[in-house]
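User: I've just opened this one and I'm new to it. Could you walk me through it?

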Amino acid sequence: MADRDLLQLDRVVTHIGAYHILHGVDLSVRRGRVTMLLGRNGAGKTTTLRSIMGLWKPRAGAIHFDNARIDALDTPDIARLGIAYVPETMGIFSQLTVQENMKLAATGGRFDPARLDDVFRFFPILKTKWNDRAGLMSGGQKQMLAVARAIVEERRLMIIDEPTKGLAPAVIDQLIACLLELKARDTTILLVEQNFHMARSVGDDVAVMDNGVVVHNGLMADLAADEALQTRLLGLNLGSHQ
Amino acid sequence: MSAGRIASTRLSGIDWPANLLLPILALAALPFMSFSTWLTLTVAGAAMGMMLFLMASGLTLIFGLMDVITFAHGAFISLGAYVATEVVGALPGMAASHSWVASLAVLAAALTAAILVTGVAGLIFEIVIIRRVYGSHLRQILITVGGLIVMQELLVTVWGANPIPVQKPAALQGSVEIAGAAIEIYRLVAVGLGLAVYAGLWLLLSRTRLGLTVRAGVENLEMVEALGFRVKRLFVGVFVAGTALAGVGGVMWGVYQGLVTPAIGPEMMILVFIILIMGGMGSVGGAFVAAILVGLITNYSGFLVPKLALGSNILLMVAVLLWRPRGLFPLVKS
Ligand SMILES: Nc1ncnc2c1ncn2[C@@H]1O[C@H](COP(=O)(O)OP(=O)(O)OP(=O)(O)O)[C@@H](O)[C@H]1O
Ligand SMILES: [Mg+2]
């Protein structure tokens, strides 16, 4: 059997109710690299991530993770393969405390002290708010918690959907610092991001979607250097929108 | 509900206005009657409230976590009551004995048997009916109304359409005098059991990992699944627990009434739904407070203006909803 990339989508077709959203998505995420998934609003990025997680069931095509087919598995079983998912909506449990949110993300509710130290180093505010209700935190703090849940344990793949949406530049810098350190540790990440500054800072590979298909694959550095390509693929000159 | 409102009710830790409603209502009734009457009615109301809570708690858990509306709950209450007639009838010597131990043992045996029988019936109901209609309230309502009819017919097939008498175990029949008021012992037992179940549910939900998962699932089920929890299994457990609680409520209510009919459970469902709506759909704490409110109002108004007994509950619900459109202790969903 040909060795596949860590995550590989082949001609994935997803419908949401009566709507045909993904028209055959091909996407690869290589081991130890950060793959950016870019595209205009409504291109199908979130739908692609949800299809990987089994939150929408693809109607056709195949999804392989570590050479095993996962597109027929239930969401919890996909997560248990070591895939952490930070949704666009963050999925914070606002009625639970920060600690309880983190506990749910840790196997058996037990924390690895070294990992927890990492979390507090990246996002010191979470230590301060540890016993507060998560719903009382600001949007940026919630996003930090959402990312913290994903890194509370060693994961084989992290899938993050637009973490910088609506956040202040200082918070974005904190998230970038966190992702850069994860990247330095060879964490495999699939990241959807509209913020081109972040995309350029952390991305190794890039896939660009439009209208429910991937229209471009390449290296992030090449896309960052080619403004004409950016304009054609993303519709506006994002390089000036950092 | 606005974010500010959530913050203001949460920041202070305790939601005082909603929690004070109960004592205020109880005290407001006092000037209209003698103290001993008030005490009798209050204990009777609390006992009825606790039995209603047993019936409502399972339903509110099922709705809160699974987002499933089931109209069949009343049949599980009836089933529990019929199990009580069998168990009490099978232990005539113990039931007639005036020993406390024997009487409580009979009740405990009836409760245990009802938990087993209604739990298994709930499991079958979940597998055969409920899991096919996740996500569609309309289909849930239609099919569970059908399930209710089928279950009631099955009850009639097994136990007949005529009422079956069931006696309270002898030591629980009398009353004790407290502050000049005659308080039925059985009502005190019902209050004790209701409090114990409430405390147990509270501990389970707030102190265990399972409870943590349930609380998170009530708010955002998808995220709980994305964190690796097999929610479908949790659903089965919650449904079985919910029907077993209905069985417990059915035992207590059936023995309290002394006569069991197939309709004994479904008859209570109007009050149970009033409790769910008033307490905040899906909230266990809300169901607890609202059940006692309903029990008290039913007993006070039954004494003061008998014609208003059911109407007063509906009036109370309307008043609460005008004040808090989503109930006293609304759940937060995302
Ligand atoms: N629940 C839904 N029901 C119907 N259509 C949906 C639903 N969710 C998304 N869509 C549609 O699917 C298409 C792709 O949406 P998706 O959320 O995947 O885009 P996206 O690339 O993540 O966009 P954005 O950058 O705005 O987050 C859009 O046209 C959207 O309107
Ligand atoms: Mg999106």
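User: Let's start where the chains meet. How many residue pairs are in polar contact across the interface of chain A and chain B?

Analyst: Keep in mind that this is a predicted model. A pair is counted here if both residues have pLDDT 80 or more. With that rule, the interface of chain A and chain B has eight residue pairs in polar contact.

User: Which helices of chain A each supply at least two residues of the side that touches chain B?

Analyst: Look at two stretches of chain A, 75–79 and 98–105. Each of them gives at least two residues to the side of chain A that touches chain B. They are helix 2 and helix 3.

User: What area do chain A and chain B bury between them?

Analyst: Carbon and sulfur atoms carry 58% of the buried area. On the chain A side, A:F93, A:Q95 and A:L104 supply 28% of what chain A buries against chain B, more than any other three residues. Between them, chain A and chain B bury about 2100 Å².

User: Which residue of chain A forms a salt bridge with B:K232?

Analyst: Between chain A and chain B, the count is four salt bridges. In the one with B:K232, the closest N and O atoms are 3.7 Å apart, and a salt bridge needs them within 4 Å, so the pair qualifies. The partner of B:K232 is A:D74.

User: Now the ligand. Which side chain has an N or O atom 2.5 Å from an oxygen atom of ligand 1?

Analyst: A few side chains reach oxygen atoms of ligand 1. For A:N41 the distance is 3.0 Å, and for A:K45 it is 2.8 Å. The side chain at 2.5 Å belongs to A:T47.

User: What share of ligand 1 does the protein bury?

Analyst: Start with ligand 1 taken alone, which exposes 630 Å². Of that area, the protein buries 63%.

User: Which element gives the largest share of the shell around ligand 1?

Analyst: In total, 14 residues surround ligand 1. Strand 2 (19–29) and helix 1 (45–52) of chain A are the elements that give two or more residues to this shell. The largest share, three residues, comes from helix 1 of chain A.

Notes: Residues are numbered from 1 along each chain as its sequence is written. Chains are lettered from A and ligands numbered from 1 in the order in which they are written. This is a predicted model: local features need pLDDT of at least 70, side-chain atom pairs count only at pLDDT 80 or more; totals for chains, interfaces and linings use all residues. Side-chain values use heavy atoms; hydrogens and water are left out. Buried area is the accessible area (1.4 Å probe) that two parts lose on being put together, summed over both. A salt bridge is a side-chain nitrogen of Lys or Arg within 4 Å of a carboxyl oxygen of Asp or Glu. A polar contact is a pair of N or O atoms within 3.5 Å; within protein, one must be able to donate a hydrogen and the other to accept it, and residues adjacent in sequence count only if both atoms are side-chain atoms. Helices (H or I, at least four residues) and strands (E, at least two) are DSSP runs, numbered from the N terminus. A residue is near a molecule or strand if one of its heavy atoms lies within 4 Å of it. Accessible areas come from the Shrake-Rupley method with a 1.4 Å probe; for residues, only the protein chains shown count as cover.
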